[in-house]
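Dear colleague,

I am handing over the structure below, and my notes on what was found in it follow. Please read them with the structure open beside you.

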Amino acid sequence: MTVPSLPSTKPTDAKKTATIGGKPLSTWLKSYRITNQPRRAAAAYGRAIRFGYADRSAKLQQARQLLKNGDYEDALVLFEEYLSEVSGDQLAFNGRASARLAMDPPEPKQYEMEDIRKLNSRNSDYAPFIAPDDPSQVYFSSMRNAGKKRRQVNKITGQGTSVIYSAIQDSRGDWQEPEPILNQEMDGSFEDGAISLTEDGRDAYFTRTRYEKTEPMGAEIWTIKRVGGRWSEPVEVDLGPDTLIYAHPAISRDGSRLYFVSDMPGGFGGKDIWKVERIGDGWGIPVNLGMDINTAGHEMFPSLREDSILYFSSDGLVGYGGLDIFRAEELEEDRWKVTNMGQPINSNADDLGITFYRNREAGFFSSSRDNPRGYENIFSFVMPVIQPVVAGTIGTENEEDLPGNTQVRVVGTDGTNMQMDVEPAGTFNILLEPGNDYTMLVSAPGYFNHRERVSTKGLTESRQFNLNITLKNAERPMIFNNLQFDAGAYQLEPEAQAELDQVVSLLKDNASIALQISAHTDGQGDETDLLILSQQRAEEVLNYLTEKGVAPERLTARGFGGDRPLKVDTHLARQHLFLRENDELTPQFIQRLSRGDQRTAHQLNNRVEFSIIR
């Protein structure tokens with residue numbers, strides 16, 4: 001992390017006595033860490049260990065730097081070795097878990113990300129914040145050297161002075177040139193960063209780090225007010241003794257609560273996140289957010305999402321290396337449900353300072369990923385909206401007009417229970433939600449109810465489900481084309497069973513009806529034999545339906561032999577060019593057909609029909 005460092009108030013370990021060029025070895029090792037050069041830092045720690053560097057934590061630090069490099073297997077080995085020497089170290093335990101997580105990560109989330117080039121510079125650009133009163137405006141911190149004023153180079157980071165900027169996105173989506181929000185001197189005496197605003201956009205809080213002879217004196221939280229389109233002179237926020245760190249403010253929407261980072265006593269090690277309530281014109285006693293959030297590492301850059309969810313970065317919790325962004329939902333006082341935001345938001349580099357658009361899973365954050373110098377850049381992110389839609393057309397077998405009160409009822413596992421009228425043209429269009437199962441029941445007077453099922457589970461992108469539904473007229477016998485029997489047989493073939501499964505579904509969707517099963521033969525053969533055969537076929541169908549759960553009292557079975565030739569309807573006439581609507585397939589009619597057409601006509605007569613009897 002190369003953003004302005006938060007100076008440590010902890011004393012130097014007396015063991016670190018080795019020197020290079022007159023400076024303690026620990027200084028050189030630390031310099032690589034704070035300037036975000038994990039590859040150099042890991043190599044330096046490795047050399048120090050080989051040459052007998054006395055501090056046992058060097059192995060832990062080397063492992064943590066390897067984690068930031070993405071060298072997960074080597075990091076895991078070092079974490080294991082360190083834990084065998086120093087048991088009970090929280091950072092080592094979490095580091096080992098992080099290496100294992102990174103080696104076998106869960107599926108990345110579907111965020112789409114983009115490096116915002118018009119906001120980024122050659123130096124660090126970090127901690128974006130979307131203006132709550134104007135979503136087209138973004139505040140962010142930058143250590144760029146651009147601008148009219150000459151800037152003194154920070155001797156710790158090697159970059160320019162950190163300044164808070166704002167940028168406006170126009171109606172075409174283009175970003176205008178960022179501008180500093182304060183008339184700030186660039187003499188290196190202080191740096192500003194990590195801003196947070198109240199909901200009305202009138203009060204802002206930010207971090208200011210002051211320097212004396214290039215050495216950081218401490219980080220403080222300052223506040224400004226916007227009056228008449230301009231920001232007032234900054235005023236320091238008094239939160240405690242001057243010797244401590246107070247940084248990275250996150251103010252609640254109404255300005256009544258402030259979250260911040262500090263190393264004050266009572267923490268868990270490193271820098272912790274605290275909160276404090278406003279009392280009158282001042283602030284109360286800060287409270288640590290507790291062990292669910294804070295660790296022996298560093299917890300930094302808190303941000304609020306409409307006051308209900310806290311986001312922050314940590315290098316002490318289980319993650320992918322460096323600082324990861326976490327989501328924290330408060331369950332009760334000082335207890336939180338903390339979740340790593342996962343890839344691709346998090347990486348093996350430092351990921352920090354997230355901000356969201358209101359009511360959208362979209363916004364900005366900063367990360368040092370893919371930057372060879374370890375500098376942060378600002379990225380946008382958006383979770384694509386997954387919108388399932390079911391669209392369809394409803395028609396009838398004989399192309400009759402739909403009744404005016406044809407309806408579709410939708411019931412879903414998400415609690416959906418809605419009913420809608422279908423357009424006269426038979427079309428409908430319904431928005432669904434991802435991750436659910438839906439049942440659609442189509443009803444129309446004079447027609448059998450029809451059921452369709454659609455599942456939106458597992459969708460990774462928007463999808464339209466297209467349904468073409470044909471309603472069966474309840475006043476005409478139903479005939480299923482594949483419900484056929486071999487000559488002289490009554491056993492059901494697999495194709496016939498599949499057709500009968502449709503009848504089972506139809507009876508389930510129309511619970512109040514009872515059906516007569518009417519079996520017919522083609523009329524070729526002895527009349528008595530054909531009558532017996534047709535009765536066997538009707539009973540075979542009845543037995544199949546009852547075995548599938550249909551109540552026997554809803555069914556009757558009767559065989560008619562070959563006494564009732566089929567009368568051709570519009571649907572059959574469209575399927576067979578040698579037939580016309582209302583043709584009756586009598587022996588005399590069939591005799592006039594060609595041989596091939598005769599076989600087809602006999603097969604059509606050899607049928608099973610279903611009729612409503614109540």
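**Notes on the model**

Asp307 has a relative accessible area of 32% and is therefore partly exposed, where buried means under 20% relative accessible area, exposed over 50% and partly exposed in between, with a 1.4 Å probe and protein chains only. This is a predicted model, in which local features need pLDDT of at least 70 and side-chain atom pairs count only at pLDDT 80 or more, while totals for chains, interfaces and linings use all residues. Residues are numbered from 1 along each chain as its sequence is written, and side-chain values use heavy atoms, with hydrogens and water left out.

**Backbone features**

Asp307 lies in the loop between strand S18 (299–305) and strand S19 (309–314); helices (H or I, at least four residues) and strands (E, at least two) are DSSP runs, numbered from the N terminus. Its phi is near 70°, a positive value in a residue other than glycine. Asn582, in the loop between helix H8 (570–575) and helix H9 (587–591), has a phi near 80°, again a positive value in a residue other than glycine. The peptide bond from Gln343 to Pro344 is cis, with omega near 5°, and Pro344 belongs to the loop between strand S21 (335–340) and strand S22 (351–356).

Four strands form an open sheet of mixed pairing, in the order S32-S35-S33-S34, where two strands pair if DSSP finds at least two bridges between them. Strand S32 (478–479) and strand S34 (555–559) stand at the edges with a single partner strand each, so one side of each is left without a neighbour in the sheet. Strand S33 (residues 515–519) pairs with S35 in the antiparallel sense over five bridges, and Ala519 has Val608 in S35 as its bridge partner. Helix H7 (residues 527–547) lies across S33, S34 and S35 and runs at about 160° to S34; here axes are lines fitted to C-alpha atoms, for helices over the stretch in contact, and angles run from 0 to 180 degrees between N-to-C directions.

Asn606 is in the loop between helix H10 (595–605) and strand S35 (608–612) and, at 10% relative accessibility, counts as buried. Leaving aside neighbours within four places in sequence, Asn606 is in contact (heavy atoms within 4.5 Å) with residues including His520, Asp522 and Arg537. The side chains of Asn606 and Arg537 are joined by a polar contact of 2.6 Å, meaning a pair of N or O atoms within 3.5 Å, of which, within protein, one must be able to donate a hydrogen and the other to accept it, and residues adjacent in sequence count only if both atoms are side-chain atoms.

**Glu400**

Glu400, in the loop between strand S25 (388–396) and strand S26 (407–412), counts as partly exposed at 25% relative accessibility. Leaving aside neighbours within four places in sequence, Glu400 is in contact with Tyr447, Asn473 and Arg476, and its side chain makes a polar contact of 2.7 Å with that of Arg476.

**Charges over rings**

The charged end of Arg208 sits over the ring of Trp222, 4.9 Å from its centre, and Arg369 lies over the face of Phe379 at 5.7 Å from the ring centre; the rule asks for NZ of Lys or CZ of Arg within 6 Å of the ring centre and within 35 degrees of the ring normal.
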